[in-house]
Amino acid sequence: MEFRLASVAFIAVFATYLFLGGMGVTDRGNPNPRDAPYNLLARGLLSGHLYLEKEAPPILERLRDPYDPDANRDARDVRDRLNDLSYYKGRLYLYFGVAPALFIFIPWHLLTGGWLTHWVVVVFLCSVGLLVNLSLVHAVKIRIFPEAGSWLMAICTLILGLGSYAPLLVARADMWEIPIAFSYFFVSIALRCLWEAFGNPARSAKWIAFASAAIGLAFAARPTALPNAAILLMPFLAKETRRSTWAWAAAVVPLALCGVGVGLYNAERFGDPFDFGMRYQLAGINVTKLHAFSPSYVWTNLGFYLFQGVRLSSIFPFTHEPLMGPLRAHLPPNHGGAQNISGALLNAPILWAAVAVPVFARLGHRDQRLVHISMSAAWVALSSLITLSLFFGACARYQFEFVPALAFLASVGVIEVEGARPGRMHAIARCAWITALVVSSAFPVLYGIERCSSDHNISGITCLSYGDFAGAEHEFETARFLSPRNPLSRLGSGFMLALEGRRAEAEAVFEALVRDFPDYALAHLALGNALAGQGRRQEADAQYRTAHRLDPDDATIRAALDSARARER
């Protein structure tokens with residue numbers, strides 16, 4: 001019965017991953033997966049070089065500063081898909097880790113002759129990582145609560161599969177998400193191996209070696225995983241392990257070999273083993289001038305990652321990204337803001353069940369094996385959170401580097417609560433965690449759907465900017481399928497009508513949008529532009545003023561209003 005219930009829960013989670021991954025914008029919009037960035041890297045490696053199998057635009061060589069976003073704008077044209085690639089000495093590189101190309105993309109191509117899409121890889125890694133974590137939680141349950149109800153592993157599947165924020169990663173499963181998912185999988189393997197090492201300290205070297213190799217591979221995909229390596233010291237709390245030379249070698253050698261490999265890879269590309277290529281990035285900002293890491297960002301980022309709220313509405317999927325305008329006033333200097341962010345502890349409250357782990361430890365349930373694995377998971381969560389909080393921006397995908405470890409601790413916490421003696425407090429605790437689980441399972445899925453819809457709307461507007469009306473209509477239709485009443489889809493459709501010369505129809509769309517969403521600043525801006533195009537300046541200016549009142553930080557709205565005021569003078 002336990003296996004059947006857990007299997008049903010896993011199938012439901014996996015289906016969610018497939019839906020969100022398949023509906024999201026992926027492969028940088030490349031129609032052919034072989035031209036997606038990680039496949040370009042794999043093709044380059046198979047051809048015997050470390051740069052991408054893609055020619056850099058000649059214009060970059062002629063620029064005095066190829067990293068100036070204003071100067072390289074034409075080279076970063078969306079159709080060339082160069083944004084966030086690294087440019088160095090006439091070649092294009094990925095500053096993202098090489099490990100996924102070596103261990104997934106190349107083997108798949110050699111075995112099948114085909115090329116994997118990015119979203120399939122992310123869904124696969126999240127799914128197998130979930131299985132590894134379920135294996136660990138099952139081992140913990142057998143250790144501390146073997147008589148638990150058959151339904152408990154199904155509950156843990158939902159916590160680890162949905163409460164971990166995995167749906168938010170697979171909702172935009174692309175180049176950026178692959179190394180994070182790869183790192184998640186191998187850090188999960190490291191924790192599972194350490195559990196075995198804790199169980200037999202006298203013969204732990206083998207499992208420590210596996211854990212060290214797993215951390216090394218996680219680092220080779222995602223350098224921010226390196227602080228997680230401190231968990232390799234945890235087995236040495238046992239005297240038997242400390243006395244073993246083999247155990248010390250097992251902890252050091254695999255990780256060191258991976259580190260040397262990454263250093264050689266970097267040195268061969270950029271002439272410096274510690275240079276990952278981020279400073280050569282082609283982006284909408286000049287990365288060479290960034291204050292990328294600073295302690296001044298920590299408090300702001302902690303607020304974003306743990307407690308940032310989202311906008312709620314009656315429009316499916318009901319959860320929407322918070323407006324950055326009001327938040328920018330409180331950002332520290334040089335901070336880049338947040339993208340698709342939502343506070344994990346606020347919006348996935350089941351994570352608070354992790355508090356039960358130290359509480360039960362203090363109450364006397366001191367199983368050393370459980371204490372050590374809990375401390376290891378806590379370090380993974382804490383070290384990842386602090387490392388990311390030092391960075392100049394906050395992003396939803398970064399949360400998947402620390403939330404899964406919190407989800408594991410929350411699963412252990414629920415198991416311990418259910419193993420407690422029945423009584424009034426037990427009944428209250430059960431009601432609390434069930435309610436929290438419902439919210440924590442629903443929110444990441446709904447917010448993931450919102451991300452998919454938003455990305456398709458943005459992609460549709462991008463298609464419009466290049467005159468691709470058929471592509472734009474396809475993107476807007478997909479967005480409307482995901483969120484039928486989403487105002488951005490209607491806004492995009494209005495833009496398309498305007499560009500096609502159907503001004504009266506466009507005006508009608510914008511008027512209806514303003515009527516249905518009177519607080520939507522961009523709708524007022526669009527209606528103002530439509531009215532201005534017909535020479536109705538006073539009505540247009542009124543719409544610009546309303547738009548500016550609703551969103552005073554939007555540069556486009558401010559420019560339209562300034563133009564209107566200049567005409568009045």
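**View 1. Residues around the second largest cavity of the predicted model.** The second largest cavity has a lining of 13 residues, and those nearest its centre are Gly97, Val98, Ala220, Val262 and Phe276. A cavity is a set of points, on a 1 Å grid over the protein atoms alone, where a 1.4 Å probe fits but cannot get out; lining residues have an atom within 4 Å of a point. This is a predicted model, in which local features need pLDDT of at least 70 and side-chain atom pairs count only at pLDDT 80 or more, while totals for chains, interfaces and linings use all residues. Residues are numbered from 1 along each chain as its sequence is written, and side-chain values use heavy atoms, with hydrogens and water left out.

**View 2. Space and helices at the second largest cavity.** The space in this cavity is about 60 Å³, a volume being the space filled by probe spheres set on grid points joined across faces, edges and corners. Helix 9 (205-221) and helix 11 (245-270) each supply at least two lining residues; helix 11 gives the most, with four. Helices are DSSP runs (H or I, at least four residues) numbered from the N terminus.

**View 3. The largest cavity.** About 190 Å³ of space lies here. Of the 18 lining residues, Tyr184, Val187, Val380, Glu401 and Pro404 lie nearest the centre. At least two lining residues come from each of helix 5 (118-144), helix 8 (177-199), helix 16 (368-389) and helix 17 (403-418). Helix 8 gives the most, with six residues.

How values were computed. On a 1 Å grid over the protein atoms alone, a cavity is a set of points where a 1.4 Å probe fits but cannot get out, and a pocket is an open set with protein on both sides within 12 Å along at least five of seven lines; lining residues have an atom within 4 Å of a point.
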